[in-house]
Amino acid sequence: MGLAQTQNHQPITFPLMGCGTWAWGNRLLWGYDQSMDRQLQEVFNLCVANGVTLFDSGDSYGTGKLQGRSETLLGQFYRDYQGINQNNICLATKLAAYPWRLTRQSMISACQASAKRLGKKVDLVQMHWSTANYAPWQERALLGGLGDLYQQGQVKGVGLSNYGSKRLKQVYQIFSDRHIPILSLQVQYSLLSTYPVTELGLKEVCDELGIKLIAYSPLGLGLLTGKYDEKNALPKGVRGILFKRLLPGIRPLLQCLEAVAQHREKTMAQVALNWCICKGTIPIPGAKTLVQAQDNIGALGWRLDEGEIEELDRVAANLERKMVQNIFQTR
Ligand SMILES: NC(=O)c1ccc[n+]([C@@H]2O[C@H](COP(=O)([O-])OP(=O)(O)OC[C@H]3O[C@@H](n4cnc5c(N)ncnc54)[C@H](OP(=O)(O)O)[C@@H]3O)[C@@H](O)[C@H]2O)c1
């Protein structure tokens, strides 16, 4: 009997939707500053109170000296929260496959550092990306360390990120041999990034293996909210450059989203997130303000109908431009 079966691991409850925290500490891409912290705590509280109890972080989140800031904030908000759904909160983090992380122990130490920032055990530990595309020899030890964390009872569950179907099946076998379940896989999935499901077939594979599929960047980094346009409203920095290039080629999708949203009396963000839910994935939209969190929560409690989903699928499939894929995404 493998160690995993002898451990008394508490189950993780996956909600219909989670909340991403990449922006919580990231100045360069997301314009974070510490004056946002009070509002981020309100975002956390509102999410939990509304059943959005999965929070996704990463040990690389935070820029420069702020590295790990997202985990530190999450830990603080978790400790302060008292109320409904408190016991369902799942703090998930991703451990980066940095080039200097080469051993099983390096992953164990990384997770312990995350736990220290959180002030509690990590609930769900995820491999942030696979090294299969550029340093395949590195990955086995890192996955080994991830499995050790589960078997040592240091985490409730293990997940992956940016893996394609072929690599996922190989890793599933490695973990199965150790009797370690893979609970989740997160990939970039939205109306602007259907590739993981339509091209890689990840939804079928995850269903077959009993793995939850988590949709990251479900709002296309904010593009699908409809608030950006290339002439007079672009975010600063790299996102602005990317959006300027994408916007002319995604107009039909934004128009379709807007039409569905108006008909439903919902916002475009709510339609984009509901589409992810209808596809059987768990979207984890990032939210920087209480208004955004409130809006995103409005994606729950209703469902797009078949006709609306087909129309959105059709328009999304025929776009001139799509979101760029993560360079670490494997096949
Ligand atoms: N595994 C990975 O490699 C990976 C990669 C990327 C992301 N992720 C995870 O996925 C999470 C979500 O993805 P993401 O943050 O990249 O992108 P996203 O969820 O597609 O977009 C989030 C951004 O859109 C804007 N926004 C959110 N809700 C809004 C609303 N209702 N109305 C208007 N604007 C709204 C906010 O930025 P502005 O206000 O600045 O527009 C927010 O930061 C991340 O936080 C992270 O946890 C994982």
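Residues are numbered from 1 along each chain as its sequence is written, and side-chain values use heavy atoms, with hydrogens and water left out. Because the model is predicted, local features need pLDDT of at least 70 and side-chain atom pairs count only at pLDDT 80 or more, whereas totals for chains, interfaces and linings use all residues.

View 1. Helices (DSSP runs of H or I, at least four residues) and strands (runs of E, at least two) are numbered from the N terminus. Asp305 caps the N-terminal end of α12, with a side-chain oxygen 3.1 Å from the backbone nitrogen of Gly307.

**View 2. The two faces of helix α12.** The buried residues of α12 (under 20% relative accessible area, with a 1.4 Å probe and protein chains only) are Glu308, Ile309, Leu312, Val315 and Ala316. Seen down the axis of α12, these buried residues fall within an arc of 135 degrees, so they line one face of the helix; the arc is that of the directions from the helix axis to the C-beta atoms. They pack against α9 (237–264) and α10 (268–278), while the face turned away carries Glu306, Glu310 and Ala317, which are exposed (over 50%).

**View 3. Ser193 in its loop.** Ser193 lies in the loop between β6 (182–188) and α7 (195–198), and Ser193 is buried, with a relative accessible area of 2%. The side chain of Ser193 reaches the backbone oxygen of Gln188 at 2.8 Å.

How values were computed
Contact = heavy atoms within 4.5 Å. Polar contact = N/O pair within 3.5 Å; in protein donor to acceptor, adjacent residues only side chain to side chain.
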